[in-house]
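Here's a walk through one model, from a helix pair out to a sheet and then a single residue. Grab your viewer and follow along.

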Number of protein chains: 2
Amino acid sequence: MNVPAVLRLELSASRDSSYDIVLEPNLRHKLAKYIPETTVALISDNHVDQFYGDEVARTLEQAGKTVHRHVVAAGEASKSLETYGNLLRVLIRDGIDRRSAVIALGGGVVGDLAGFVAASVLRGVAFYQCPTSLLAMVDSSIGGKTGINIPEGKNLLGAFWQPNAVLVDVEVLRTLPEKTFREGAVELFKHGLLADEGLADAFRNPRFAPDGGSEYWLEQLPRAMQVKADIVSQDETERGVRAYLNLGHTLGHALEAHSHAYAGAGNVPLSHGEAVGYGLLFMAKLAAQRGYKDETTRVLEFLAWLKPKPLHDNLTVDNFHVLQGYLQKDKKVSAQKIRWVLLEHIGSPVLVDDVQETELESAWRYLLNYAQGIYV
Amino acid sequence: MNVPAVLRLELSASRDSSYDIVLEPNLRHKLAKYIPETTVALISDNHVDQFYGDEVARTLEQAGKTVHRHVVAAGEASKSLETYGNLLRVLIRDGIDRRSAVIALGGGVVGDLAGFVAASVLRGVAFYQCPTSLLAMVDSSIGGKTGINIPEGKNLLGAFWQPNAVLVDVEVLRTLPEKTFREGAVELFKHGLLADEGLADAFRNPRFAPDGGSEYWLEQLPRAMQVKADIVSQDETERGVRAYLNLGHTLGHALEAHSHAYAGAGNVPLSHGEAVGYGLLFMAKLAAQRGYKDETTRVLEFLAWLKPKPLHDNLTVDNFHVLQGYLQKDKKVSAQKIRWVLLEHIGSPVLVDDVQETELESAWRYLLNYAQGIYV
């Protein structure tokens with residue numbers, strides 16, 4: 001299949017603001033046709049760079065562009081004020097000007113970091129997302145959220161800065177480590193729950209894997225990206241429906257933060273995806289308790305596929321309060337009130353701000369019983 | 001006069017984006033009525049804070065708001081990545097959330113710094129400009145340019161982030177040092193040249209001074225702010241007519257940078273305003289040489305009022321090339337071509353990108369002869 005799939009994202013908040021999401025096999029060899037700028041800063045991490053850095057730089061140079069390549073260390077630690085400041089300074093020394101572009105070639109970390117650089121260098125230059133992980137493809141590359149971490153917390157600093165285009169080469173999924181793939185699978189599953197039941201069942205297909213092939217992924221990816229694009233296009237700066245994307249994330253963030261704070265002595269920190277997986281089960285139970293359609297079975301089946309690491313052994317059925325501090329710190333908390341995203345049924349999320357302590361404790365007991373192996 | 005003057009700035013680039021510029025004597029005691037947010041970070045510098053910090057904090061607290069006060073050192077050095085990072089972290093530790101607001105109480109440095117903090121903390125919160133210098137009132141507080149400096153240059157990092165309102169207490173001009181007042185006077189004169197001949201003659205009035213009084217300033221300030229607001233409203237992100245605001249600044253920036261680079265041995269660096277003053281004379285001569293209306297006399301008279309420090313003694317009538325490197329570094333240079341803003345006549349600026357070396361050298365000789373005292 002050589003015909004690219006193109007989704008167009010129209011942002012209702014801004015005039016004349018729309019951009020294309022292009023999916024195409026081997027797009028990394030044809031990037032220049034979507035990037036008119038003649039001077040580009042190509043930002044990647046050392047993992048992705050070793051696979052694709054040379055190819056992408058060569059493609060752009062062969063189209064006559066001046067390419068300044070910068071490689072950061074793979075991993076969340078690169079989303080720091082220090083790396084950000086260093087990148088900005090080196091881009092200026094390269095001679096970047098307002099007609100230049102920044103290209104993010106990598107996963108979520110590279111996209112978030114390079115995006116904030118693009119948003120703020122010279123008060124903003126053109127920006128292209130070339131996501132190489134499943135997570136970046138279906139989630140973080142779409143919607144313009146950019147940001148870095150500070151010691152006080154993750155993504156507390158950044159900008160909404162929409163890319164000029166999202167350019168996806170589905171072939172690069174082949175080199176994605178299984179562990180990294182599963183991180184993206186959780187967000188894809190979540191998008192399915194929010195808007196597309198078939199997508200929520202994608203994990204059951206044996207081709208749902210890094211080597212699933214271009215044909216398979218050219219069907220699945222646009223569906224997942226469409227869910228994100230539809231929500232973002234209605235709410236560019238997270239004042240309303242964009243909060244639906246936090247499905248499973250409120251408890252997930254708390255579990256993730258807790259698992260890092262208490263790591264050690266046999267307790268390995270949860271990945272973001274694992275924590276959100278647990279968060280989705282918690283959400284499903286909260287929803288079922290309210291009489292909404294019960295999706296706990298589907299989430300349990302997804303978790304059987306995901307196989308998350310165990311929860312920390314200091315979490316027990318009767319100590320939900322241990323997580324309360326982490327819930328309060330979540331930056332989506334406004335005016336001290338926690339808004340939970342629940343599903344009335346697949347495709348119909350709602351924001352609920354009157355969840356009672358007893359409801360939370362009941363869903364928590366269910367989650368802990370599951371995690372301790374009673375239901376599996 | 002107790003009726004506030006209100007200008008409304010409508011930004012054509014964004015839907016639903018407009019904000020008020022409110023001018024009122026003693027507005028610092030009534031700020032709360034324009035700021036609905038209940039938690040605010042009040043950012044000022046140590047000079048302004050000693051005059052007005054307590055009054056403003058008390059006004060806001062008496063209206064029931066939680067006020068977190070942060071004071072940075074007065075001066076350009078506070079527009080650094082380090083001060084920026086420290087402010088962000090302390091705001092997070094204060095517990096700022098997305099419904100909080102950042103208030104800049106001060107001149108251009110505080111406005112630029114606090115504005116970039118507001119633009120990027122939690123990906124953007126509400127922002128209020130309370131300018132206390134003439135420069136900040138007529139220029140930097142309007143239009144949403146925020147930013148900080150890096151060792152490679154000034155304002156190379158930042159965001160376009162429009163304030164929710166610009167709140168001007170004209171009374172505070174009384175405490176403005178004469179030197180600081182003159183910096184703002186240059187931009188006010190420039191705004192006059194761009195759009196309002198009466199404003200360009202304001203410097204001739206004896207009341208054109210920090211103690212000119214509320215009545216006088218409530219007439220002059222809205223005129224100067226209207227010029228800026230009109231231009232910005234047509235061009236939020238400096239793609240077109242906003243470049244007119246660089247009148248006098250292209251050479252001005254180069255002179256300023258050069259004077260800092262070669263300071264010492266009896267040569268005192270030029271202030272920004274002094275450098276722009278010289279830049280305006282250079283511009284007037286370039287324009288006159290092209291057959292546009294000759295405004296050199298008016299600029300000479302303004303310079304006689306401004307009394308800028310002498311140019312560096314390594315600048316001579318025949319070494320314009322010394323400044324070339326500084327001109328090229330200017331971030332308004334796009335694709336290596338310098339665009340000069342010239343006046344066809346007062347109220348009618350044009351962008352010109354075909355200025356020849358011989359024209360520049362001729363205007364330079366004129367400027368140097370003037371600066372060396374031949375024409376004064």
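## Two helices in chain A

In α2(A), the residues A:T83, A:Y84, A:L87, A:L88 and A:L91 meet A:L113, A:F116 and A:V117 of α3(A). Contact here means C-beta atoms, placed from the backbone, within 7 Å. Helices (H or I, at least four residues) and strands (E, at least two) are DSSP runs, numbered from the N terminus. This is a predicted model, where local features need pLDDT of at least 70, side-chain atom pairs count only at pLDDT 80 or more, and totals for chains, interfaces and linings use all residues. Residues count from 1 along each chain as its sequence is written, while chains are lettered from A and ligands numbered from 1 in the order in which they are written.

How do you describe such a pair? Two packed helices are described by the angle between their axes and the distance between the axes. Helix α2 (residues 81-94) and helix α3 (residues 108-120) of chain A pack at about 50°, with axes 10 Å apart. Axes are lines fitted to C-alpha atoms, for helices over the stretch in contact, and angles run from 0 to 180 degrees between N-to-C directions. α2(A) and α3(A) are therefore oblique to each other (under 35 degrees is roughly parallel, over 145 roughly antiparallel, 65 to 115 roughly perpendicular, the rest oblique).

## The sheet in chain B

Over in chain B, 7 strands make an open, mixed sheet, ordered β1-β2-β9-β6-β5-β3-β4. At its edges sit β1 (5-10) and β4 (66-72) of chain B, each pairing on one side only; strands pair if DSSP finds at least two bridges between them. Neighbouring strands of this sheet are turned by 20° against each other on average, direction ignored.

Strand β3 (residues 39-45) of chain B runs parallel to β4(B), joined by 7 bridges. Within β4(B), B:H70 is the bridge partner of B:I43. Helix α2 (residues 81-94) of chain B lies across β3 and β4 of chain B, at about 160° to β4(B).

## One residue: B:E359

Which helix holds B:E359? That's α12 (residues 357-371) of chain B. B:E359 is partly exposed because 16 other C-beta atoms lie within 10 Å (20 or more would be buried, 12 or fewer exposed, and partly exposed is in between, with C-beta atoms placed from the backbone). Neighbours within four places in sequence aside, B:E359 is in contact with B:L286 and B:Q289.
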